[in-house]
Amino acid sequence: MSMDLDKIKEHVRGILEAIGEDPDRPGLVETPDRVARMYQEVFEGIQYSNDDIAEMFNKTFPITEGTKKDIVLVRDISAFSYCEHHMALMYDMKISVAYVPTDRVIGISKIARVADMVCRRLQLQERIGADIAEIIGKIAGTQDVAVLITGNHSCMTARGIKNMTSETVTLTVRGAFETDKSLKDQILALK
């Protein structure tokens with residue numbers, strides 16, 4: 001499903017009017033178009049399912065027998081997303097993804113690309129972790145995946161309670177990371 005940019009422009013113009021602005025004043029004339037193009041970029045992931053994303057970034061390499069139980073970890077992937085409750089920015093997010101490969105490893109840049117595309121949807125931080133874990137598991141052919149995310153939410157820092165120092169931490173664990181406490185503790189030690 002593609003985005004309807006004309007409809008976005010129309011509604012942004014309506015929002016400007018609804019908040020008491022003049023959408024025809026010089027600083028706002030092009031705002032509806034700019035917002036529509038921004039939404040096209042930052043919400044690109046909405047058009048793809050988790051299966052689609054797994055297919056897009058399915059670049060793997062065989063591994064040797066001796067490394068099959070080693071943990072692969074890519075940490076501190078920078079990301080942002082938008083919360084589905086307020087369409088508010090989730091920012092300064094750091095995503096760490098760990099998995100135990102079976103017979104193949106994922107190209108490491110693809111892990112960051114998966115995280116980026118998952119974040120390009122209206123999201124909840126908890127769902128970001130679950131979606132990344134599902135996709136990494138499909139690409140790597142493993143159940144053993146963990147995703148640690150820390151981030152700030154402007155729905156808490158810029159409005160409502162306005163708590164500037166709060167940070168939200170979520171941990172999604174699957175397979176061995178769920179059942180083996182020592183593996184889970186290793187991931188939690190990253191935060």
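Predicted model: local features only at pLDDT ≥ 70, side-chain atom pairs only at ≥ 80, totals over all residues.

Trainee: Okay, sheet first. In what order do the five strands come?

Mentor: The order is E5-E2-E3-E6-E7, in an open sheet with mixed pairing. Strands here are DSSP runs (E, at least two residues), as are helices (H or I, at least four), and both are numbered from the N terminus. Two strands pair if DSSP finds at least two bridges between them.

Trainee: And which are the edge strands?

Mentor: Those are E5 (122–123) and E7 (168–174), each pairing on one side only.

Trainee: How many bridges join E2 to E3?

Mentor: Eight, between E2 (residues 72–83) and E3 (residues 89–99), and the two run antiparallel. Leu73 stands opposite Ala98 in E3, and Ile77 has Ile95 as its bridge partner. E2 and E3 form a hairpin with five residues between them, and Met87 in the turn has a positive phi of about 55 degrees.

Trainee: What about E3 and E6, parallel or antiparallel?

Mentor: Antiparallel, with eight bridges joining E3 to E6 (residues 145–153). Ala98 turns up again there, opposite Ala146 in E6, and Lys94 has Thr150 as its bridge partner.

Trainee: Where does the mixed part come in, say for E2 and E5: parallel or antiparallel?

Mentor: E2 and E5 pair in the parallel sense over two bridges. Tyr82 has Leu122 in E5 as its bridge partner.

Trainee: Switching to helices: which strands does H4 touch?

Mentor: H4 (residues 108–119) packs on the sheet and touches E2, E3 and E5, and its direction makes about 20 degrees with that of E2. Contact means heavy atoms within 4.5 Å. Axes are lines fitted to C-alpha atoms, for helices over the stretch in contact, and angles run from 0 to 180 degrees between N-to-C directions.

Trainee: At what angle do H4 and H5 cross?

Mentor: Roughly 140 degrees, and the axes of H4 and H5 (residues 125–140) come within 10 Å. That makes H4 oblique to H5; angles under 35 degrees count as roughly parallel, over 145 as roughly antiparallel, 65 to 115 as roughly perpendicular and the rest as oblique.

Trainee: Which residues meet there?

Mentor: From H4, Ile111, Val114, Ala115, Val118 and Cys119 meet Ile128, Asp131, Ile132, Ile135, Ile136 and Ile139 in H5.

Trainee: And H1 with H2, how far apart are their axes?

Mentor: They are 8 Å apart, with H1 (residues 5–18) and H2 (residues 31–42) packing at an angle of about 130 degrees. H1 and H2 are therefore oblique to each other as well. Among the residues making the contact are Leu5, Ile8 and Val12 of H1 and Val35, Ala36 and Tyr39 of H2.

Trainee: Last topic: how many aromatic pairs are there?

Mentor: A search of the whole structure finds three. In one of them, the ring centres of Phe43 and Tyr82 are 5.3 Å apart and the planes are at 65 degrees, so the pair is edge-to-face. Rings of Phe, Tyr and Trp (its six-membered ring) pair if their centres lie within 6.5 Å; planes under 30 degrees apart count as stacked, over 60 as edge-to-face and the rest as tilted.

Trainee: Where does Phe43 lie?

Mentor: Phe43 is in the loop between H2 and H3 (50–56), and Tyr82 is in strand E2, so the pair ties together parts that are 39 residues apart in sequence.

Technical notes: Residues numbered from 1 in each chain as written. Heavy atoms only, no water.
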